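Take a look at the chain below. We will walk through it one part at a time, beginning with a single side chain.

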Amino acid sequence: MDTRAALEALGVMPDSVSGEQRRALDSDGYFIVEDAFTELQRARMAEEVDRIAAEEGERAGTEVSREAGTLRISNVFNKSTAFDFLLQFPPLLAASAYLLGECKVHGANVREPLRGAGKQPLHSDSVKFSDGGWCLTNALVCIDEMSVGNGPTRIVPGSHLWPPLNVPGENAVDYAAKHRKNPPQWAQEGENVAEHVAALPVMEDTDRFPADPFAPYPGEMLVVAPARAIVVCNAHMWHSGTLKHNDARRRQLHLSFTRRDLPQQLVQRKYITPALYDRLHEAHRFLLDIV
């Protein structure tokens with residue numbers, strides 16, 4: 001099976017992402033789909049997020065990362081059936097195949113900032129290889145409304161076309177320079193990947209990088225979206241969380257896809273449960289890279 005066959009098995013065709021949406025991805029780096037799922041699906045996801053958070057307590061999110069002042073939950077597909085339908089959301093899957101070619105799930109993490117927290121430095125979610133190819137897409141699944149007051153994501157439209165800013169866990173660090181000296185294991189094991197990483201620009205080589213990654217950036221915008229919307233992004237676009245000023249819930253699932261030749265954020269084969277494996281279609285298993 002390949003990505004095209006898997007998507008076709010799920011009823012996803014190339015035109016499941018419209019021409020207008022493709023143009024928005026190409027030029028701006030994102031598009032928004034409103035009313036992307038039902039109120040019943042939204043309510044069930046919200047209920048399951050709260051259940052898992054209560055059960056896990058301080059352990060919540062530890063499979064991938066913790067973030068001060070936010071609720072994070074990882075590995076959601078193994079913990080609940082409430083999120084399964086997202087594995088065949090046509091615009092996201094078609095957009096990921098359009099940008100990445102052969103692709104697979106990268107990660108699936110819930111993030112909810114708490115009042116007075118949630119502010120992040122401006123960043124991109126992935127390096128960009130010298131061949132111009134993309135590595136990562138991300139979808140912001142709005143379980144609750146994302147408003148100006150509850151810590152909306154800020155983005156810099158079009159910045160996916162620029163050099164990468166930095167990557168998660170290494171904010172304000174020169175990723176390229178660091179890994180020229182100490183390539184990660186996955187880069188050492190793939191000659192082509194290592195060559196791409198070596199060709200990345202050093203942060204000091206460009207004048208676009210902000211002196212203060214927390215400060216407002218020229219051309220940035222706040223993404224506001226109603227509950228049940230999904231924001232599909234080229235994850236190379238510069239973005240960050242912003243400060244939450246009120247107590248309104250802002251539960252959001254980040255569902256990302258990467259190229260099949262690159263590592264997953266959460267290695268699904270390490271965490272797969274019999275219950276998840278048995279309930280999935282073969283195409284879903286392919287997308288999760290557990291076959």
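The side chain of Arg111 makes a polar contact with the side chain of Glu67, at 2.9 Å. This comes from a predicted model. A polar atom of the Arg111 side chain also lies 3.0 Å from the backbone oxygen of Gly118. Is Arg111 buried or exposed? Its relative accessibility is 3%. Buried means under 20%, so Arg111 counts as buried. Find Arg111 in strand β3. Leave aside residues up to four places away in sequence, and Arg111 still touches a list of others. Among them are Thr70, Leu71 and Arg72. Gly241, Arg250, Arg251, Gln252 and His254 are also on that list.

Thr70, Leu71 and Arg72 belong to strand β2, which covers residues 70-73. Which way do its residues point? Thr70 and Arg72 point one way, and Leu71 and Ile73 point the other way. All of them are buried. Strand β2 is joined to β3, residues 103-113, by four bridges. The two strands run antiparallel. Look for Ile73 in this pairing: it stands opposite Val110 in β3.

Stay on β3 and move to Val105, which is also in this strand. Val105 has a relative accessible area of 0%. The cut-off for buried is under 20%, so Val105 is buried. What touches it, leaving aside neighbours within four places in sequence? The contacts are Leu87, Leu255, Ser256, Phe257, Gln264, Leu287 and Leu288. Take Phe257 from that list. Val105 and Phe257 are 152 residues apart along the chain, yet their C-alpha atoms are separated by 4.3 Å.

Now see how such contacts look across the chain. Count contacts between residues at least 6 apart in sequence: 85% of them join residues at least 24 apart. The chain has 291 residues, and 56% of them count as buried. It holds 10 helices and nine strands.

One of the helices is α4, residues 90-100. How many of its 11 residues are buried? Eight are, and the helix is mostly covered. The buried residues include Leu92, Leu93, Ala94, Ala95 and Ser96. Pro91, Leu99 and Leu100 are buried too. An α-helix has 3.6 residues a turn, so residues three or four places apart point the same way. After α4 comes Gly101, with a positive phi near 80°.

Next, turn to an open sheet. It is formed by three strands in the order β6-β5-β8, with antiparallel pairing. The edge strands are β6 (221-222) and β8 (239-240), and each pairs on one side only. Strand β5, residues 154-155, is joined to β8 by two bridges. Here Ile155 stands opposite His239 in β8.

Finish at the surface. Val148, Leu222 and Val224 form a nonpolar patch there. Together they have about 240 Å² of accessible area. Where does Val224 lie? It is in the loop between β6 and β7, and β7 covers 230-234. Val224 has 43% relative accessibility. Partly exposed residues fall between the buried limit of 20% and the exposed limit of 50%, so Val224 counts as partly exposed.

Key: Residues numbered from 1 in each chain as written. Predicted model: local features only at pLDDT ≥ 70, side-chain atom pairs only at ≥ 80, totals over all residues. Heavy atoms only, no water. Buried < 20%, exposed > 50% of the residue type's maximum accessible area, 1.4 Å probe, protein only. Pairing = 2+ DSSP bridges. Contact = heavy atoms within 4.5 Å. Patch = residues over 30% accessible without salt bridge, like charges linked within 9 Å, V, L, I, M, F, W, Y side chains within 5 Å. Areas by Shrake-Rupley, 256 points an atom, 1.4 Å probe, with all protein chains shown as cover. Salt bridge = Lys/Arg side-chain N within 4 Å of Asp/Glu carboxyl O. Polar contact = N/O pair within 3.5 Å; in protein donor to acceptor, adjacent residues only side chain to side chain.
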